[in-house]
Amino acid sequence: MKGMGFAFIVFVLAGFSSAAAQDASEGERLYKQHCARCHEGSMPRLPSRETLRQWTPEAIDNSLSSFAMRRQGAALRPAERRAVAEYVAGAPAGSYRAPLDVIPMTAYCSQSAGKPASVSGGGSGWNGWGANLQNTRLQSREASGLTTPDVPQLKLKWAFGFPGVSASGSQVTVDGGRLFVGSRNGIMYSLNASTGCIIWTFEADAGIRSTPVVGALADAQTVFFGDAHAQVYALNVSDGKLRWKVKLDDHLDAMITGAPALHAGRLYVPVSSLEEGSGAMPSYECCTFRGSVVSLDAASGRQLWKTHTIPDAPSPRAKNRVGTQLWGPSGAAVWSSPTLDPDRNRLYITTGDSYSNPVAPSSDAIMALAMDTGRLVWVRQTLAGDTWNLGCLEQTPEGRANCPDAKAPDFDFGSSPVLTTLANGQRLLLAGQKSGMLYALNPDDGKPVWEIRAGDGGVLGGIEWGFAVDGTSAYVALSSAFEKKPGDAGGMVAVRLANGETQWRTPPAKDTCGTRTGCNSAQPGAVTAIPGVIFSGSLDGHLRAYESETGRIIWDIDTTSEVKTINGVTARGGSLNGPGATIAGGMVYVNSGYALGFMPGNLLLAYSVDGK
C-alpha cells in the first residue's frame, strides 16, 4: 500500500529452496533464513512477528501471491508459500482453505431475495469512490435516508465476514438494492443491500482494493473494478458473469487501487504500483514504473488512450553500492480515483512521490488532463525533491542501497482531488496531501487560491485517503499514525472553502487502545458526509459521527466487538483505514480491519436505525 508510504510487508525471500515445503518445520526454516531479518528488527516500522500472527495463513499467502510481497513470492511454488504462511500465522500445517469453501449455502439469497427491485430515480445508491464525478464524498439527504437525529440511533443490522483475508478490500458501492464489494483475495461479492445475503460471487485473478463502479451499457447493467495485477474487469450486474477483462500495464508491480471513474460510456482508470516496496531489495534494479491514467471504452474494454504521469521513459542511471543498475525517472503513481469535469472536458488526478532519481516534476502533484484525448492541460507540483522507496527504512548501508534520499519525506497524494463550486459561483479544486497540507486551486489553470496546514505530515501522516466537502466546508481527518502515539495522533478539522480558514478542530480520541497491538487513534481513512453529519473511522477500530457545524461527536461505535456474521464466516473487526463509510438508503456500511501494521480484520458491518 502506498500513498501511505511504507505499509508494505517486506519478506526478503530470495533464494528459497526449490523443493516443495510440506510441513511447519520447513516453513519455520524458511522464515528464519529469509524473513526474520526484516520482521524482527532490521526494519522497525514493518509488522512484527507478533503482529503477523494475527493474520490468517490465507491472508499471508495472498500477500505473497498478489499483493505487497508478490515480487518476493514469485519464485515460490504454492506449497512453499503456504508453508511460510502457516508458520508465520501460527496455524497447523495443511490448514489453508480456499475462501469460498468456508461459506455455507445458507448464506446465499433465495431467488426472490437475490433479485431486489431496481431503484430507479430514488437516488438511494452510492456509486464508486466519491458518490459523484466530483468526488465530494457527500451523500444527499434523500439518498442517505438519514437525518442528523437518526445518527445517534444507528445500530448493527447485519455483519458479513470475508473468508481468507485479514485486511479490508474495496469500499462498498450500492446500486439498485444491491451491494458490491471486493476482497483482498480477489473475490467480488454482490450482496442484498438490506439483508447481506449473497447474490453472486466472482473470483478475479488477484486481490481487489479498487472500489466498484456501476453503469448502464446498451444491453445490461455492468459493474467495473480493477485488481492488484493492473487488470480491469466488467461483469454483468445481474449474474456476475464476465463481459471483458483487460490488462493496463505489464510492469510486475503495477496494480489498480483507485476506483475507475465512469462517464458517457468511457472508463477512466488510475494505475499505481508496489515497486516502491521492491526498492527495498538491494539486488533490484530500481525503478522503472510510471503512474498513468487509461481511458477505456466501457462496452468493450478497448483502450482509447493512456497518459503516463511521467512523460519520459526510465533509462539507466548510476549503480548502487552493491553494483545493481539503477533506473529513473520513476513513480508518480495514481493511487486514487480520477475526478471528472465533463462540461470542461477535464479530468483531475493527484500523484505519488518519485521512487528513484531524477525526481519527476510531476510527482507529488495535481494534474489536469483532457477527457477526450488524455492530453496534459496543466500540472501543479506541491513538493519538489521527494524521491523515496522502502529501502530508506533499512538500518544498514547495504540495506539502503536503493534509497535515493533518506531525508525525503514520502509525502504522496493518496486522496482524490475534489471539485466544488461555492455559492458565489467560484470553482475550486481541492487536494489533501500526506504533508498535512490542504490546497485549493483554480481548476481551469491550476493556480493556487489558498492553502492551509490542516495537520502534521509524515510517512503515514497528514491527509491520507480522502476528505469530504459540502457547499461551505472541507472535512479533513488526520493521521500521523507512525509519527505520534495513540491519543496524540488523529483528529478532525473543518476548513471553510471561501478562505481556507479553520472552522473547528476536534482532538483525537484518548484511552481507546490500551495494550492492543496495532491500535492507534490516527484517522487515515476516507471521510464521508451527509448534510449535518461527518463520519470518520480510526485505527482504534471506532467509527465516529461528528456534527458538521461544531465537530461534536454524536455517535461512536467500536467495530472490533465480536459479532455473528450473516454468512457464517468467523470474523472480527480491526482498524479502520482506506475505504470510508458508504451511506445509502438508511444504511451505513463500513469495512473493519486493515492490517498492514495495524489491527487486522475481515468484517463488513451494516448499521441502520431499526437494527436487527
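# Cavities, core and loops of a predicted fold

Six nonpolar, nine polar and two charged residues make up the lining of the second largest cavity. In this classification Ala, Val, Leu, Ile, Met, Phe, Trp, Tyr, Cys and Pro are nonpolar, Asp, Glu, Lys and Arg are charged, and the others, including Gly, are polar. The model is predicted, with local features requiring pLDDT of at least 70 and side-chain atom pairs pLDDT 80 or more, while totals for chains, interfaces and linings use all residues. Residues are numbered from 1 along each chain as its sequence is written, and side-chain values rest on heavy atoms, without hydrogens or water.

The second largest cavity holds about 130 Å³ of space. Trp129, Arg209, Thr257, Trp465 and Pro579 are the closest to its centre among the 17 residues that line this cavity. Across the whole structure, four cavities of 30 Å³ or more are found. On a 1 Å grid over the protein atoms alone, a cavity is a set of points where a 1.4 Å probe fits but cannot get out, whereas a pocket is an open set with protein on both sides within 12 Å along at least five of seven lines; lining residues have an atom within 4 Å of a point. Points are joined across faces, edges and corners, and volume is the space filled by probe spheres set on them.

The largest pocket has a volume of about 460 Å³. Its lining has 25 residues, of which Thr56, Glu58, Gly164, Thr570 and Asn602 are the closest to the pocket centre. Sorted by class, the lining of this pocket contains 12 nonpolar, nine polar and four charged residues.

The overall organisation of the chain comes next. The protein chain contains eight helices and 35 strands, taken as DSSP runs (H or I, at least four residues, for helices; E, at least two, for strands) and numbered from the N terminus. Of its 612 residues, 64% are buried, that is, under 20% relative accessible area, against over 50% for exposed and in between for partly exposed (1.4 Å probe, protein chains only). The chain exposes about 20,400 Å², and 49% of that area is supplied by carbon and sulfur atoms; areas follow the Shrake-Rupley method with a 1.4 Å probe, and for residues only the protein chains shown count as cover. Among contacts (heavy atoms within 4.5 Å) with a separation of 6 or more, 60% join residues 24 or more positions apart.

The largest nonpolar core has 47 residues, and Phe224, Val232, Trp244, Leu248, Leu267 and Leu296 have the most contacts inside it. Such a core is a set of buried Ala, Val, Leu, Ile, Met, Phe, Trp, Tyr and Cys residues joined through side-chain atoms within 4.5 Å. At least two residues of this core come from each of α4 (57-65), α6 (78-89), β8 (231-236), β9 (242-247), β12 (266-273) and β13 (292-297). With five residues, α6 gives the most to this core. A second, separate core has 23 residues, including Trp158, Phe162, Val165 and Ala584. Within the chain, Leu267 touches Val213, Phe224, Val232, Trp244, Pro260, Ala261, Leu262, Val294, Ser295, Leu296 and Ala298, apart from residues up to four places away in sequence.

Two loop residues show links between separated parts of the chain. Valine 172 sits in the loop between β1 (155-161) and β2 (173-175), and it counts as buried because its relative accessibility is 2%. Beyond four places in sequence, valine 172 touches Trp126, Leu179, Phe180, Val181, Thr582, Tyr589 and Leu604. Valine 172 and tryptophan 126 are 46 residues apart along the chain, with 8.1 Å between their C-alpha atoms. Glycine 532, in the loop between β29 (528-530) and β30 (533-537), is partly exposed, as its relative accessible area is 26%. Leaving out neighbours within four places, glycine 532 contacts Thr148, Tyr546, Glu547 and Ser548. From glycine 532 to glutamate 547, 15 residues away in sequence, the C-alpha distance is 6.0 Å.

Other loops carry backbone features. Cysteine 286 and cysteine 287 are joined by a cis peptide bond, with omega near 0°, and cysteine 287 lies in the loop between α8 (275-278) and β13. The bond between asparagine 357 and proline 358 is also cis, with omega about 0°; proline 358 belongs to the loop between β18 (346-350) and β19 (365-370).

Positive phi values occur at two residues other than glycine: near 50° at alanine 264 and near 60° at aspartate 410. Alanine 264 is in the loop between β11 (261-263) and β12 and is exposed, with a relative accessible area of 70%. Aspartate 410, in the loop between β20 (376-381) and β21 (418-421), is buried, with a relative accessible area of 0%.
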